Amino acid sequence: PACGGTGSMSYINMPNAVLLAINNGRLPAPAWNPKDSSTPQPQVGPATGYLYEMEDFEQVKDAYLKQLEFFVKWHVMVNNNAEYITRDLVPLPCVSATMDGCMEKGKDVMYGGAKYNGTGIPGIGIGNVTDSLFMIKHLCFDTKKCTTRELYDALMHNWEGYEDLQQYIKNHCPHYGNGHPEVDEIAAWASTEFARIVTSFTGPRGRYTAAMFPVTAHVMFGSMTAATPDGRSAGQPLADGISPVQQMDTNGPTAVIVSVATIDQTLFANGTLLNLKFSPASLKGEDGVRKLAQLIQTYFDLGGMELQINVVSAETMRKAQKNPEEYKNLVVRIAGFSAYFVELSLESQEDLISRTEHSL
C-alpha cells in the first residue's frame, strides 16, 4: 500500500465488527459449517452485549465502534511488530535506490528513508456494514417489522426458518447504492469513523492511512463470515471496495455514484475503489462512449477517487466458464488489477458474474 513495509499489510473484515457488536464480542458459528451449533464461540472482542438487549440504534453504533477500534488497534500492533522485524531481515536496497529520499538520508525504505511514508489498512465490506446497520435501525427500531430477538435468531440460524424476513430485506428495503439519503448517511458515518480510527495510529515509517479496496479479499473474507443483517447468507462474498452489495444496486449507475459520493474519499489517502459492470449493448457507438465519459467525469466531480469498469455481460462470462478454450483472451477488471477470466478461481468468477449489470 505504500513504499517500504512487507507488502502484506492486513485487511479488516468490517462486517465481522457488526457481528461481534451484536453478539457480545463473539463470532457466530463459522461460515464453513453454519449448522454446527455445538461450535464454541470464544470471546474474541470486547463484551458489548447482544442485539436483543439493545434498546436503541445508538447502542448498536456504539458497540460497533468499540469492536472496530479494538481490532484496528490489534492489527496495528501486529503490523508494527512485523515491520520492526522485517526491516532488519528483509531490507530493500534496489527499491531504496530508486525512491526519493533514501539516498539523501542514507536510509533503506524499510527504515522510513523514502520522502513519503505511510502504512495502510484497507477496510473490506463497507457496503455490507452500511446495509446491515441500516436494516437493524429500519427493521427493529423504526418500522418494528421484526424484533431485535427475531433478527438476532435469524442470523444465528443463517436465515433458516426466517427466509421470508431475508427476502423482505433483499427485495423491499432501501439499500446502499440506490441514492437513498437515509442509507447513505450510514455509509458516510461508518466510513468516516473507520478513517478516523485508522489514521489515529502511527507505525515505524509514519502515520497509518485508511483505504477501502479489496483486491480479492472480499471473496475470501466472505467465505469465513457468518450471515449478516443485510440479508447476506453465510459464506457469500462481501461487497467489494466501496461498491454496493452485489445486485442490491437497482436504480442504475447514476444512483450508485450519488450514494458512493457520500463517502468522503479525501480521508482515504491509501485509496478507494468503486467497481461498475455494464452491458456491452448499452455502450455501443459514439453515444455510448460519450455517456460513459460523462458518468466518469461526474463521479470525479462528486469527489470520487478511483472507478473501475467492466463492459462484459454475465451471459458471456457463463459461456467462458463452460468453454474456457474459446475465451482465453477474455480480460476482466477485478479490484485493482486485471486478469484473464478463465484463469480466475470459480469463486472469483461467480463474484464477477453476480455484480449488477448496468445500462446507460
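Guide: Partly exposed describes a residue whose relative accessible area falls between the buried class, under 20%, and the exposed class, over 50%. The model discussed here is predicted.

Visitor: How many residues apart are Arg205 and Glu83?
Guide: The side chains of Arg205 and Glu83 meet in a salt bridge, at 2.9 Å from N to O. This pair links distant parts of the chain, since Arg205 belongs to the loop between strand S3 (202-203) and strand S4 (206-211), whereas Glu83 belongs to helix H2 (residues 57-89), and the separation is 122 residues.

Visitor: Are Arg205 and Glu83 buried or exposed?
Guide: The cut-off for the buried class is under 20% relative accessible area. Arg205 has a relative accessibility of 6%, and Glu83 has a relative accessible area of 1%. Both values fall under the cut-off, so Arg205 and Glu83 are each buried.

Visitor: Which residue forms a salt bridge with Glu325, and what is its relative accessibility?
Guide: Glu325 is exposed, with a relative accessible area of 60%. Its salt-bridge partner is Lys328, the closest N and O atoms being 3.1 Å apart. Lys328 counts as partly exposed, and its relative accessibility is 48%.

Visitor: Which residues are in contact with Asn16, leaving aside its neighbours within four places in sequence?
Guide: Asn16 lies in helix H1, residues 14-22, and is buried, with a relative accessible area of 13%. Once the neighbours within four places in sequence are left aside, the residues in contact with Asn16 are Leu27 and Thr225.

Visitor: How many salt bridges does the structure hold?
Guide: Side chains of opposite charge can pair when their charged atoms come close. Besides the pairs described above, Glu69, Glu193 and Arg196 are linked in a network of salt bridges. For the structure, the number of salt bridges is 13.

Notes. Residues numbered from 1 in each chain as written. Predicted model: local features only at pLDDT ≥ 70, side-chain atom pairs only at ≥ 80, totals over all residues. Heavy atoms only, no water. Salt bridge = Lys/Arg side-chain N within 4 Å of Asp/Glu carboxyl O. Helix = DSSP H or I, 4+ residues; strand = E, 2+ residues; numbered from the N terminus. Buried < 20%, exposed > 50% of the residue type's maximum accessible area, 1.4 Å probe, protein only. Contact = heavy atoms within 4.5 Å.
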